[in-house]
Structures are given as C-alpha cells and as structure tokens.
Amino acid sequence: MVLAVIERETDGTPSAASAEVLAAARDLAHRLDLPVAAVAVGEAGDLPEDLVKQGVSHLHLLRHELLADGGPACTGEALAQLVAARRPAAVLAASTTESTEAMAWAAAALGVPLATACTEIRPRPEGCDELWEVTRERSGGILLEDAALDAPVRLCTLSAGGRPTGETAAAAEVTVDVFVPELDAAVPRARRVERAPRAAGMTLATAPVVVSGGRGVGSAEGYAVLEELAGLVGGAVGCSRVATNNGWRPHADQVGLTGTRVHPDLYIACGISGATQHWVGCMGARSILAVNTDPEAPMMRRATWSVVGDVHEVLPAVIAEIRRRSGR
Ligand SMILES: Cc1cc2nc3c(=O)[nH]c(=O)nc-3n(C[C@H](O)[C@H](O)[C@H](O)COP(=O)(O)OP(=O)(O)OC[C@H]3O[C@@H](n4cnc5c(N)ncnc54)[C@H](O)[C@@H]3O)c2cc1C
C-alpha cells in the first residue's frame, strides 16, 4: 500500500496540504498497482466519508493519550511503529513544519532516509532491484536535486502546490483500523501547550495581494499602514523573519523558508532586503512591488516595480491615491 499522512484542521477535516498528499498517493498507488491507505491521529469523525471519495480503502487511526499534545516526536514514533507493522511501500506527507518533523522522527526510528520537499517520485515496480528516484527541492526551492532512494520503505514529504486535488473514483469502503502505539511518557519531548485558531477567511497562502513588511517598517505599530493598505486592496499582511524575531508580528505572518510560501498576484515588499531565505517564500508571486530606501537591495533588483523611498512616506501616499480614485 501507499500510505498518505493526513493533517487535520481543528474541526477534524483534512488540511488543504493533505488533499495534495492524497492526490499524489493515489497517483503513486495507481502506478504501482497498490491500494491507497491513510493515517491520521485521533478519532475518525467524518474522515472515512471524506476519504472514501478520494479512493482510500484503509484508514489507520493512531490513538494514544500522548498524541493529543505530544507534538511531532510522538507522532513520528507512532508512525514508525505503524510502518513497521503494516509495511507500506511508501509513506507520503505534506512538507509542512509539523509533518516534516514527524516524518524525520519516523525515519530516524526506522533507520531509513527521508526525502523532503519532493516534486516528483519515480517508483519502480515491487520486487525490482532498481532504486526509486525522486526530484526534490533544495535551499527552499532555488535548486532541484535528483536523488535515488535506497530504502525498503520510501518516506517522502511533498513540496506544496500544483497538484490537482479533489474527488476521484471512490473506493468501495474505508476499513478503519485503530493502531495504539507504545509511547514512553518518560522521554522528554516538546509539548503543545496552545493551539491558535487560523484566522477566518483569507490566509497568507491564498491572498491575492500580500503587503509584507520587514525591518524597514521599524516597529509593531509601524504595521498599521500596511494593515490599512492590505484592507483597501483586499490582501493579507505578511512579514520577514526580522519582524517575527522582534515580536512585531506573529510567526503565522512570516513569509519565507521557515514561514509561508505565498503565490499572490501582487507581493508588496516594504522595507525588506530580499535575503534568499525570504525570497524563496515570495518568488512565486506573479508580480512584486518593492519599497525600500536602498535601491541596491536584492529585492529592489528582482522586483517587477521598485520605489526608492521610506515606507512611511510611500505607503501613506499610495493609500491616499487609492482612496482618492475609489472615493473611499
Ligand atoms: C535558517 C534561516 C531561515 C530563515 N528563514 C527566513 C524566513 O522564513 N523569512 C525571512 O524573511 N527571513 C528568514 N531568514 C532571515 C533572512 O536571512 C534575513 O535575515 C531576513 O529576511 C531579513 O529581513 P529584512 O529584510 O526585514 O531585514 P534586513 O535584511 O535588515 O533589511 C531591511 C531592509 O529595509 C530597508 N529599510 C530600512 N529602513 C527603511 C525604511 N524606512 N523604508 C524603506 N526601507 C527601509 C533597508 O534598506 C533594508 O533593505 C532566515 C535565516 C536563516 C539563517
């Protein structure tokens, strides 16, 4: 079987990233002539009904009290035990921070490699001596690497974006199997102490316009003008890591290698130098408008349009002009 790791939203439904993982698992299973199975933590809820429409024939539910707030280490250990017991040909997960960490723990426990951020998986039929090959993103997607995967079970996380999702030929039924791993409460691990609900409506990842600020914004209060512009153009506010490190914005707003990758029609980079780790998060934008006092900043050279100037002078002028033209 090909096993898809399902991440769940707080209401128990599969995340958007999981829909892509399922689509990739279906494709891989089809090429290998194997069934598609899914694994999730917790109660079944509506998952079986959701998954049967996605061609999934088995749902493995990981159950243990430590899994509720035990973080990725516990999930990874539980996943490793499931894999050892059920022996799938491959395990696919999203390239989110949480799933990548859980898969890394699972790979370490199983003693097999983990191929992260795969854009393509080229399997070989079961029993064939040739190794599977993958193409994977390196350095946040700036490089693509072809690699051979030498392992009895192939653990891969998938780079986000671009895979068609949605329903497919439904499986006849989903068999639900509860798997209770043996987890040691004495081993110290990170514990989840708080779950912040995702903001309702538009998210950074889906916004058509992202107004993003960096060190040049100067303070938490300085983001008011970015909020105002985002509100006017129907966008979301993002930021660089300097802003999150300084406590000006929450990590959920961070764009970049260790934040969110955004793909808006327009990315407005305000007082952001354009370091590689930030660039990989916004390079998927269709167009970029950079505002910076330094005309030589990398973001200014790469942007579609560059405005040399102080964020706190340029943005109020832009806002005033939008208001004048729209009569708002
Ligand atoms: C492992 C690792 C992961 C990382 N992940 C991320 C990530 O996910 N996202 C991320 O953003 N960074 C990430 N970083 C940090 C990254 O390397 C940069 O340090 C960071 O992006 C710089 O943020 P910045 O552009 O806001 O600040 P700076 O590089 O300091 O740039 C500030 C810019 O603002 C301009 N400026 C100053 N005042 C004004 C003004 N009044 N008006 C207009 N412009 C002004 C300056 O000319 C300058 O270009 C990571 C680093 C590492 C090592």
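**Close-up views of a predicted model**

View 1. Helix α7 gives the most to the shell around the ligand, with three residues; helices here are DSSP runs of H or I with at least four residues and strands are runs of E with at least two, both numbered from the N terminus. The model is a predicted one, in which local features need pLDDT of at least 70 and side-chain atom pairs count only at pLDDT 80 or more, while totals for chains, interfaces and linings use all residues. Residue numbers start from 1 along each chain as its sequence is written. At least two residues of the shell come from each of α6 (241–245), α7 (276–282) and β13 (287–292). Among the 26 residues around the ligand, those that come nearest are G214, G216, R241, G256 and S273, a residue being near if its C-beta atom, placed from the backbone, lies within 6 Å. By class, the shell holds eight nonpolar, 14 polar and four charged residues, where Ala, Val, Leu, Ile, Met, Phe, Trp, Tyr, Cys and Pro count as nonpolar, Asp, Glu, Lys and Arg as charged, and the others, Gly among them, as polar.

**View 2. The two domains.** The chain is divided into domain 1 (2–179) and domain 2 (209–326), with bounds that come from an automatic or database domain assignment. Taken over C-alpha atoms, the centres of domain 1 and domain 2 are separated by 34 Å. Five residues of domain 1 are in contact with six residues of domain 2, contact requiring C-beta atoms, placed from the backbone, to lie within 7 Å. On the side of domain 1 that touches domain 2, two residues are nonpolar, three are polar and none is charged.

**View 3. Helices α3 and α4.** The axes of α3 (residues 71–86) and α4 (residues 97–110) come within 7 Å and cross at roughly 50°; axes are lines fitted to C-alpha atoms, for helices over the stretch in contact, and angles run from 0 to 180 degrees between N-to-C directions. The two helices α3 and α4 are therefore oblique to each other, given that angles under 35 degrees count as roughly parallel, over 145 as roughly antiparallel, 65 to 115 as roughly perpendicular and the rest as oblique. Residues of α3 including P72, L79 and V83 meet residues of α4 including M103, W105 and L110. The residues of this contact divide into 13 nonpolar, two polar and three charged.

**View 4. Helices α5 and α9.** Helix α5 (residues 224–233) packs against helix α9 (residues 311–326) at an angle of about 30°, with the axes 10 Å apart. Helices α5 and α9 are therefore roughly parallel to each other.

Notes: Two residues are in contact if their C-beta atoms, placed from the backbone, lie within 7 Å.
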